[in-house]
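Subject: Structure for you, with notes

Hello,

Here is the structure I said I would pass on. My notes on what was found in it follow.

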Amino acid sequence: MKPTTPGIHHVTAIAGDPQRNAEFYVETLGLRFVKRTVNHDDTGTYHFYFGDGEGTPGTNITFFPWTDSGRRGQFGAGQTRDTAYQIPPDSVEYWIDRLESAGVEVDQVERFGEPVLEFDDPDGIGLEFVASEQAFEADAQPWPESPVPAEYQARGFHSVTLAVPAFGPTASVLTDVLGFELEAEADGRRRYRPAGDGSEPGSSSGPGSIVDLVETDAGRGRMGVGTVHHVAFEAADLEEQERWREAFADHGQNVTEIIDRKYFRSIYSREPGGVLFEMATTEPGFTVDEDIDDLGSGLMLPEWLESERDRIEAQLPEFDPETVGAGAGAN
Ligand code: ZN
């Protein structure tokens with residue numbers, strides 16, 4: 001049986017200064033600081049997770065903050081150009097005011113009948129807020145302590161927009177491996193969603209399930225500060241994860257072994273357009289090492305790094321979690 005995915009699990013990008021990164025996502029965008037850990041593959045770098053009130057899959061944007069001395073990335077083919085959250089349709093004015101008051105430049109456009117606010121984070125990472133009826137169906141939990149009132153809070157991902165050299169090869173991974181289908185096309189953009197009407201297990205026409213493709217003439221992008229590192233889709237469990245490995249391999253792609261990422265089990269495979277895809281399991285989730293009330297309050301390390309905690313803490317860049325969110329206040 002072919003594996004199926006309900007859609008996006010998380011998006012991971014590379015930021016500059018960790019303090020500025022956390023303050024923007026928590027204080028300006030009102031997301032919860034769900035987890036503070038280190039990059040398992042580079043323990044001198046933090047790994048921050050920001051999401052909804054419970055760190056629900058499909059709501060989490062995560063960062064490796066390389067500090068401002070980290071190498072800048074360059075946008076180009078093979079990259080995620082925009083990461084879109086969905087917001088309730090009546091919150092557009094609220095968000096324009098809130099973002100502009102924070103000094104964020106906002107463009108408003110309309111796309112496939114939905115208003116879209118386009119803006120960049122402080123490191124130049126492309127973000128969007130899409131005012132969508134889907135927001136009301138989203139499996140996203142409000143965060144009561146957010147500076148953003150619950151009625152206006154972002155409700156998980158809406159979509160990602162991938163910039164690729166040509167539609168064909170990436171589209172074939174979406175349709176032949178991930179089980180998506182072409183839903184719409186306009187203005188040089190092709191929109192894909194998991195096939196099915198949402199009634200079959202694993203199928204979804206709902207939140208966080210959209211992948212848009214755009215073609216770019218730009219050369220291959222360079223990974224670094226201000227770029228997205230990978231997009232993760234949700235895998236039901238380890239059994240499905242094995243099927244995903246086979247599915248990518250059958251499509252002729254290299255794929256990693258299953259890697260324990262503490263909060264999920266992952267495989268990685270770069271699609272032929274250059275975008276790094278991850279499949280991440282739903283379980284065990286972020287409450288595996290912190291209670292729901294305490295999410296994000298400590299520096300969490302997986303067991304295999306705990307014995308090196310002192311050395312790791314000494315090498316991490318300067319970051320004060322106490323001031324993040326302080327005085328942001330509801331408005
Ligand atoms: Zn990931």
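**Pockets**

Strand β2 (residues 32-39) gives the largest share of the lining of the largest pocket, 3 residues. Please keep in mind that this is a predicted model. The volume of that largest pocket is about 380 Å³. In total 15 residues line the largest pocket, and Phe33, Leu295, Gly296, Ser297 and Val324 are the ones nearest its centre. Sorted by class, this lining holds 6 nonpolar, 3 polar and 6 charged residues.

The second largest pocket has a volume of about 310 Å³. Its lining is made of 22 residues, with Asn39, Asp41, Phe64, His230 and Arg261 nearest the centre. Two or more lining residues come from each of β1 (8-15), β2, β3 (42-51), β4 (60-65), β13 (227-235) and β16 (276-281). By class, the lining of the second largest pocket divides into 9 nonpolar, 9 polar and 4 charged residues.

In general, rolling a probe the size of a water molecule over the atoms shows where empty space is left.

**The sheet**

An open sheet of 8 strands runs in the order β6-β7-β8-β5-β9-β12-β11-β10, and its pairing is mixed. β6 (107-111) and β10 (180-186) are the edge strands; each has a single partner strand, so one side of each lacks a neighbour in the sheet. From one strand to the next, the twist averages 25°.

Alanine 184 has arginine 191 in β11 as its bridge partner. Helix α3 (residues 167-177) packs on the sheet, where it touches β9 (157-164), β10, β11 and β12 (210-215). The direction of α3 makes about 170° with that of β12.

Further into the strand order is β5 (79-87). Of its 9 residues, 8 are buried, so β5 is largely enclosed by the rest of the structure. How is β5 joined to β9, parallel or antiparallel? The two run antiparallel and are joined by 6 bridges; glutamine 79 has alanine 163 in β9 as its bridge partner. With β8 (126-131), β5 runs parallel, and 6 bridges join these two strands. Threonine 83 stands opposite leucine 127 in β8.

**Helix α2**

In α2 (residues 92-101), the buried residues are Val92, Tyr94, Trp95, Ile96, Arg98 and Leu99. What do these buried residues pack against? Their contacts are with helix α1 (18-28) and with strands β5, β6, β7 (114-120) and β8. Just after α2 comes glycine 103, which takes a positive phi of about 80°.

**Alanine 236**

Alanine 236 sits in the loop between β13 and α4 (238-250). Is this residue buried, exposed or partly exposed? Its relative accessibility is 41%, so alanine 236 counts as partly exposed, the class between the cut-offs of under 20% for buried and over 50% for exposed. Alanine 236 and aspartate 90 are 146 residues apart along the chain, and their C-alpha atoms are separated by 33 Å.

Regards

Notes: Residues numbered from 1 in each chain as written. Predicted model: local features only at pLDDT ≥ 70, side-chain atom pairs only at ≥ 80, totals over all residues. Heavy atoms only, no water. Pairing = 2+ DSSP bridges. Helix = DSSP H or I, 4+ residues; strand = E, 2+ residues; numbered from the N terminus. Axes fitted to C-alpha atoms, helices over the stretch in contact; angles between N-to-C directions. Contact = heavy atoms within 4.5 Å. Buried < 20%, exposed > 50% of the residue type's maximum accessible area, 1.4 Å probe, protein only. 1 Å grid on protein atoms, 1.4 Å probe; cavity = no way out; pocket = protein on both sides within 12 Å on 5 of 7 lines; lining within 4 Å. Points joined across faces, edges and corners; volume = space filled by probe spheres on them. Nonpolar A, V, L, I, M, F, W, Y, C, P; charged D, E, K, R; others polar.
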